[in-house]
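Subject: Structure handover

Hello,

Here is the structure I promised you. Please open it beside this email and follow along.

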Amino acid sequence: MGLLTEGESDRSAAEPGTDHASPLRGFADFSGITAAEATAPVPAPQSPFAAGSLVAFSDEQLTSDENELFDTLTDEDFTAALEALVDEAAAEHLSGGPRPDRLGETPDPVETRFVTLAEEAERMLDSLAEALAGVDPLSMPEQRFQELLDSASAQPPLGDEVFDQFLGGLVRKARSLVSSAVKVAKKGVGQLARVLPIGLLLNRLKALVRPLLQQVLRTAVNRLPEPVRPVARALAARFGLRTESGAEAETENPIAQLSEDFDAEVTALLHAPDAVGELSEAAEAGEVAEAAYGWGGASAAEGPDTIGALDDARARFARQLAELPAGSRPVAEIEQFVPAVMAARPLIRLGISVIGRERVVRFLADRIADLAKGMTGNDAARSVGRPIVDVGLRSLGLEAAADQEREFGAEALASTVEGTLQHVLELPTETFEDELLLHTAIQRAFAEAAAAALPDRLLRHDLPERETAEEGGVWILMPRATQPRYRFRKYTTVYARPLSRQIARCVPWNGGSTLESRLLDLGVERWPVRAEFDLYEAMPGTQFGHLTQDESLPARERPASDDYVPLTPERAGLLLGEPALGRPDPGQALGLPADGGNRPTPGRRYIRLRTAGFPGRTTHLPARGGARARRRALGIGLDPRKAEARATLRLTERQAQDLAGLLGGRPGGPDLPAALAALQHAFAPLLPHGLAARLLRRSYATTPGQAQRAAHEVSAAVHLGLSQYLRQHATQFTAAVQDPLEGVTLTATVHGLAPGKQGGRLNPARISVRPGRHRHA
């Protein structure tokens, strides 16, 4: 009998007094936000384009000019800059930024910094437009115009590496837009055949900058309205981009989607001019900063503060659990708490709308209350909190007064219920239609949540959901200084152990490298090495920048927002000896990039290597808010017009020097096999998986299997190209290493890969090398 059945009893599967299997031992003797608010209509999507402009986007065949421009605009470094901005703003906002309900009303350091960046971007685009004002690109050779364009768009660095990375990506997009406009004009297409309005195009591009930065800031403070903008999403479909919904969409990188939407809108400036008519008029009138596209204007409408509401609901629920009589069934209290949890996960919330939220709330509250009835009351809260305060906080170097035992215990009990709800709300809709399935899922989710939030001494010895073989730590709400605005959970055990080179070499790390490579870059010369690891769990609203605000770290630690690596069962097993502490990477099951390709989602866990004790740690510390410019070790690009795939590997200075040592200056001559193995080892961790994800995203393949086969064909071509390059051009590489610029960029270009093409051996990749770490060689 399902939840949709008319007249069913909400207690048909468990009447009052029914015993439920509890994960606790010796515990049964301890005898805000409304549902209407949670079900309020989702705010209308925001778009900088005029109403009715979707008429510009038909289902007709996409032109090669549009496709070429969109692919040229795709820039992983620009997306990385947006991620750094989000994390920096999130960290500063958490550590003392403005109140969310007053965002945009009064000046504050976070918003002022974004306004400064917007002004710099506008100044840069104005300068570029002015430099090209007297130029007639239609009457000069293409190479001469490109040289002029490169010269006019050169900008001196500001000294702020995150700003510089964002502005560098923006000026590259401006160059691509202008270059594409020149190509279209020379073909004699439409109005561009008569006049080429470069200044107008750049003015329209300028008008898109502030709305983009507003979205980035809203993301950082968890006040972003529905992220889908109609025009951008229509263009995304037009460019063959796959879009997800529900739980799958939640695993995607929302900042990458902002970047992708921006590229679609920039493409529309040239190829769908009717869609941006009103935008250009505002720009020409000089009203961009103050009109509907300005800071705090109508277009900047923020979403509801669901994360803040959850903060308040969580604190209220914890107090209620501690204040109830011992042994009470907290049905009403859970009913009040469930909508707040649901509202903070709108994509999950939509997934159960067909069933009826009120029925789901009542059913969940009723079942969970049976499992939690032994957890209510002052004595229960103190019994839970005592070992957390006595052992857990001490191991993190934190202190708590004796009267805080109840507070920590109540939070742990509330976390158990919240963890249960988070897991159950992710279940497929079909589970909610069968009471036995749902009842079983609730009981298992409660046991898993209790094993994570409660001290091991309170759990049954035979509980299979226990996370560690011996007594371990618990996951506590952090940072403590921002109570009740908690943004992550931290495990109270810091793992310190000797690490062999063999294990480090087998553990993938951020950026497509391995833990061995990371440790070598930190100056490790002897093995085994003593390594210390901190563990974190994401909550609703978590950004990587929030994790940098961990006040339990030693003073010498300077965490950066790109230090955190997903704690999968494989990593937890190899590094900690406790695989159950890990969580599977949801992105891999959906064909998404491994590790750094996704942003935090509730329940996902991360591991960070402490770096303060390593000699090479001081080479590149984050400047502010845990943010620093990010360049992923491996970049992947697709060009359907040229039928090419491009893989760009950015070697660190240490990697480049090691490789140069294998290629020259050795008594027995170059060790080509070792050099090729080193390059293969650098490419191998992410190339096949990352390329398969990109092929799926751009509809080169329709199934994960097809994408994986095509990715392996490209990988084989890359390896063949590397082999030929080392045999024929090794001296070219060693010359690049000798350049003063740090690191080396190596690009492998494979020809013959086109949408829908499957099978057939590809020719060896063409390899190019450039000193320094760049977008491509």
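Glycine 397 comes after helix H16 and has a positive phi, near 80°. The model is a predicted one, so please read what follows as computed from it.

H16 itself covers residues 378-395. Its 18 residues should span 26 Å at 1.5 Å a residue, and the end C-alpha atoms are 25 Å apart, which agrees. H16 is bent, though: by about 35° at valine 389. Val389 is also one of the buried residues of H16. Others among them are Ala380, Ser383, Pro387 and Leu393. What covers the buried residues of H16? The cover includes helices H12 (306-323), H17 (405-425) and H19 (435-453), along with strand E1 (475-478).

Now to a helix pair. The axes of H4 (residues 109-131) and H6 (residues 161-186) come within 11 Å. They cross at roughly 35°, and the crossing is right-handed. On the H4 side, the contact includes Arg113, Glu120, Ala121 and Leu128. On the H6 side, Phe163, Phe166, Leu170 and Ala174 are among the residues involved. By type, the contact has eleven nonpolar residues, one polar and two charged.

Look at alanine 121 in H4. Is alanine 121 buried or exposed? Its relative accessibility is 0%, so it counts as buried. Alanine 121 touches Phe166, Leu167, Leu170 and Val209, leaving aside residues up to four places away in sequence. Leucine 170 lies 49 residues from alanine 121 in sequence, yet their C-alpha atoms are 7.7 Å apart in space.

Best wishes

Technical notes
Residues are numbered from 1 along each chain as its sequence is written. This is a predicted model: local features need pLDDT of at least 70, side-chain atom pairs count only at pLDDT 80 or more; totals for chains, interfaces and linings use all residues. Side-chain values use heavy atoms; hydrogens and water are left out. Helices (H or I, at least four residues) and strands (E, at least two) are DSSP runs, numbered from the N terminus. The expected span of a helix is 1.5 Å times one less than its number of residues. The bend at a residue is the angle between axes fitted to the seven residues ending there and the seven starting there. Buried means under 20% relative accessible area, exposed over 50%, partly exposed in between (1.4 Å probe, protein chains only). Contact means heavy atoms within 4.5 Å. Axes are lines fitted to C-alpha atoms, for helices over the stretch in contact, and angles run from 0 to 180 degrees between N-to-C directions. A crossing is left-handed if the near helix is turned anticlockwise from the far one by less than a right angle, and right-handed if clockwise. Ala, Val, Leu, Ile, Met, Phe, Trp, Tyr, Cys and Pro count as nonpolar, Asp, Glu, Lys and Arg as charged, and the others, Gly among them, as polar.
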